[in-house]
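Here is a friendly walk through one protein model for anyone seeing it for the first time. Have a look at the picture, then read on.

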Amino acid sequence: MTVRRPAASALATSLLAASLLTGVSASTSAAAAPVGAAPARPAAAAALAPRAAAAVPKAGQCYRYSVRQAAASSSPTAPVACTAPHTAWTYYVGTFTGRAARVTSPTSLTLDRPAMAACYAKRAAVFGGAVHLTRLQFAWFLPTPAQWARGARFFRCDAVAELGRASYALLPPRLPSVLATPAGLESLRACARAATGVRVPCTLSHDARAVSWLRLASPTTPYPGPAAIEALVRSRCTAALAALPGAPTLAWYTWPMAGSWSAGHRVVTCYAADPPPVVG
C-alpha cells in the first residue's frame, strides 16, 4: 500500500520490526508510530494521470499501475482488458453527495473520508470477510479537475494486492470468485516479515501469517486512543488464536488508526508465528 491508500492501520509485533508505511511498534508494549490515515496527495503525483485515463470509470474494469502512481488524485492509467496483466480491479464506483459534492476542487481532503468509508464498506461487501486475511487493500481515485468542473462527482475504489513494501502483485482474472475458493484465498493470504515490517505473499520468506480477523467495536464507539487500542487488540487476538486448533502463538496484529476509525474501519487482523520450513 502507499502512505495514502488505503488508510493507515497499525501493525505490531513482539519481534524486531522496522517502520511500516502504515505505522509499527517494535514490541507489544511500544506505542505505534502512525503515519496518518489520509495525508494530502503529493502535488507531483496528480501529474501522473494522463488525459487518456479521464473517462468515467465503471465497476469491473481493470488497470495496471504502480504503488507510486496510486498516489495520484485521479486515475494514473487508462483501463486495460481484465485478461491482460493488471494490478487493480475496480470493485465499486460511488457518487459524492452533500457537502463533499459542493467542494470547489477534487483534491480537497473533504473528499477523502467519504470515499474511504465507502471503499472500506464495499470491499467487505464484494469480497466477504475473508478479505481481511489477505493482501488485498484498496486505492481510490477522484475525477480530474476538468471533469469536476463539468459536474463529475464520482469516486472509484480499486482492489490492489500488496507485494512487499513498494509493489503491487498482478491480480488473477475474476478476482471475487477466485477469493471465494480455498486455493484462491491462500494465494492472496497476507504473511509478514518481522525484520523488515512488510506484508508479502506466503510463498515468500516470512515469519507471521494472517489467521484470524475480528470486529473490534460498533460503528458508534469512539476511538480509544493508540495505547488503549493496542492493549485491547493484543488481548482480543490472543484469545482468538487460543481458540484455534493448535493454539498458535500471536506474533503480529493490525488495528485501525484514528483516521481509518473515523471512516468506519473497525476490523483487526491477527497474525500467528509461522516460521519458514527448515531446509536440509
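Which cysteine does a disulfide join to Cys191? The partner is Cys202, and the two sulfur atoms sit 2.0 Å from each other. Keep in mind that what you are looking at is a predicted model.

**The disulfides**

Let's stay with that pair for a moment. Cys191 belongs to strand β7 (residues 190–193), while Cys202 is in the loop between β8 (198–201) and β9 (208–215), so the bond links distant parts of the chain, eleven residues apart. Cys191 is buried, at 0% relative accessibility, and Cys202 also counts as buried, at 15%. The cut-off here is 20% relative accessible area, and anything under that is called buried.

A search of the whole structure turns up four disulfides. As a reminder, a disulfide is a covalent bond between the sulfur atoms of two cysteines. If you number the bonded cysteines in sequence order, the pairing reads 1-2, 3-4, 5-6, 7-8.

| Pair | Torsion about the S-S bond | Handedness |
|---|---|---|
| Cys62 and Cys82 | about 105° | right-handed |
| Cys119 and Cys157 | about -85° | left-handed |
| Cys191 and Cys202 | about 95° | right-handed |

Now for where the other two pairs in the table sit. Cys62 and Cys82 have their sulfur atoms 2.0 Å apart.

**The chain as a whole**

Stepping back, the protein chain has eight helices and eleven strands. Of its 280 residues, 49% count as buried. The chain exposes about 11900 Å², with carbon and sulfur atoms supplying 62% of that area. Take the contacts between residues at least 6 apart in sequence: 66% of them join residues at least 24 apart.

**A sheet with a helix across it**

In what order do the four strands of the open sheet come? They run β3-β4-β6-β5, with antiparallel pairing. β3 and β5 stand at the edges, each with a single partner strand, so one side of each has no neighbour in the sheet. β4 and β6 pair in the antiparallel sense over seven bridges.

Now find α3. This helix lies across β4, β5 and β6, and runs at about 140° to β5.

**The nonpolar cores**

The largest nonpolar core has 31 residues, and those with the most contacts inside it are Tyr91, Phe96, Phe127, Leu136 and Leu175. At least two residues of this core come from each of β4, α2 (98–101), α3, β5 (136–141), β6, α5 (175–179) and α6 (182–188). Which of these elements gives the most? That is α3, with six residues. There is also a second, separate core of 15 residues, which includes Ala217, Leu241, Cys270 and Ala272.

Val126 is in helix α3 and counts as partly exposed, at 32% relative accessibility. The C-alpha atoms of Val126 and Tyr91 are separated by 7.1 Å, although the two residues are 35 apart along the chain. Again leaving aside neighbours within four places in sequence, Val126 is in contact with Trp89, Tyr91 and Pro176.

Note on methods:
Residues numbered from 1 in each chain as written. Predicted model: local features only at pLDDT ≥ 70, side-chain atom pairs only at ≥ 80, totals over all residues. Heavy atoms only, no water. Disulfide = S-S within 2.5 Å. Buried < 20%, exposed > 50% of the residue type's maximum accessible area, 1.4 Å probe, protein only. Core = buried A, V, L, I, M, F, W, Y, C linked by side-chain atoms within 4.5 Å. Contact = heavy atoms within 4.5 Å. Areas by Shrake-Rupley, 256 points an atom, 1.4 Å probe, with all protein chains shown as cover. Pairing = 2+ DSSP bridges. Axes fitted to C-alpha atoms, helices over the stretch in contact; angles between N-to-C directions.
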